[in-house]
Structures are given as C-alpha cells and as structure tokens.
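Hello,

As promised, I am handing over the structure we talked about. Please have a look at it first, and then read on for what turned up in it.

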Amino acid sequence: MTSFTSRYGNPAADYQGAHIRGHSRHGATVVTVSGRIDARNLGPISDYVARFVLSDTLFVLDLSGVTAFTPKPADLLDAVDERCEAAGVSWALVPGEVVTRRLGRRIETLPVIDSVAEAEHQFDD
C-alpha cells in the first residue's frame with residue numbers, strides 16, 4: 001500500500017491499482033474507491049473500507065470510479081453490510097456502471113443510490 005494526496009488534500013491509499021479515499025461529509029462517512037478491484041487487492045480493500053464504518057455515522061461507499069470489479073464482488077459489499085449492521089448505521093452504495101453490471105441481480109438487494117450527493121440528501125431527510 002502506498003499513500004498519496006488527492007487534489008482535495010485528503011490522503012488516499014493505493015492498493016495495487018485501486019485508490020481509496022475516506023472523508024466526512026455532511027454527517028456521513030464517504031469512502032470512494034476507484035480503479036481496479038481484483039483478487040490481489042479485494043481482501044485488503046475490504047478491511048480498509050470496513051475501518052471507516054463508525055457508530056452513529058451514516059456510511060456511503062462510492063464505487064462509481066471502479067473500472068474492474070472481480071472475482072468476488074459481493075465479498076466487499078457483504079463486509080460493509082455486516083460492519084454497518086454491527087455498528088447500527090445505515091449505508092448506501094453508489095455503484096457505477098461497471099459495478100452494476102458485475103453484480104447483476106444482486107444489485108437489487110443492496111441500498112443503491114445514484115450519487116454521493118443524493119445519498120447525503122436522503123440521509124438528511
């Protein structure tokens with residue numbers, strides 16, 4: 001894992017082709033993952049993302065910038081779901097085209113939202 005600073009000044013981590021950045025935004029924790037999620041980095045990404053789930057803080061997982069999502073995409077989402085349930089917080093997924101296509105019908109069982117801004121608006125309501 002290497003770290004770099006994004007244009008917004010928040011540190012981001014690079015996990016063998018996937019870039020992850022977590023930050024607080026309007027009462028929610030938003031974790032953005034972009035790039036490739038594959039067999040080499042799925043486990044460490046799942047662990048890293050799950051660390052951002054905090055009690056009493058809504059959680060948004062933004063995968064809209066993911067360019068490849070293999071081989072077991074449900075593992076990451078199951079880890080987030082379990083962590084959010086244990087913490088007693090609501091969460092939302094911004095899947096993007098690649099993630100939506102890869103998940104197939106499984107997408108219908110997830111708390112999907114179109115954008116981070118929409119998730120924040122929904123949580124505010």
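A helix here means a DSSP run of H or I with at least four residues, numbered from the N terminus. Please keep in mind that this is a predicted model.

Let's start with Ser-46, which sits in helix 1. Is Ser-46 buried or exposed? With 9% relative accessibility, Ser-46 counts as buried, because the cut-off for buried is under 20%. Leaving out residues up to four places away in sequence, Ser-46 touches Asp-75, Leu-76 and Ala-79.

Helix 1 spans residues 42-50 and helix 2 spans residues 73-87; their axes come within 9 Å and cross at roughly 25°. Helix 1 is therefore roughly parallel to helix 2, as angles under 35 degrees count that way. The crossing of helix 1 past helix 2 is right-handed. On the helix 1 side, the contact is made by Leu-42, Ile-45, Ser-46, Val-49 and Ala-50, and helix 2 brings Asp-75, Leu-76, Ala-79, Val-80 and Arg-83. Sorted by class, this contact has 7 nonpolar, 1 polar and 2 charged residues.

Now to the aromatic residues. The structure has 2 aromatic pairs. Tyr-15, Tyr-48 and Phe-52 make up one aromatic cluster. Tyr-48 is also buried, as its relative accessible area is 13%.

Key:
Residues are numbered from 1 along each chain as its sequence is written. This is a predicted model: local features need pLDDT of at least 70, side-chain atom pairs count only at pLDDT 80 or more; totals for chains, interfaces and linings use all residues. Side-chain values use heavy atoms; hydrogens and water are left out. Axes are lines fitted to C-alpha atoms, for helices over the stretch in contact, and angles run from 0 to 180 degrees between N-to-C directions. Helices (H or I, at least four residues) and strands (E, at least two) are DSSP runs, numbered from the N terminus. Angles under 35 degrees count as roughly parallel, over 145 as roughly antiparallel, 65 to 115 as roughly perpendicular and the rest as oblique. A crossing is left-handed if the near helix is turned anticlockwise from the far one by less than a right angle, and right-handed if clockwise. Contact means heavy atoms within 4.5 Å. Ala, Val, Leu, Ile, Met, Phe, Trp, Tyr, Cys and Pro count as nonpolar, Asp, Glu, Lys and Arg as charged, and the others, Gly among them, as polar. Rings of Phe, Tyr and Trp (its six-membered ring) pair if their centres lie within 6.5 Å; planes under 30 degrees apart count as stacked, over 60 as edge-to-face and the rest as tilted. Buried means under 20% relative accessible area, exposed over 50%, partly exposed in between (1.4 Å probe, protein chains only).
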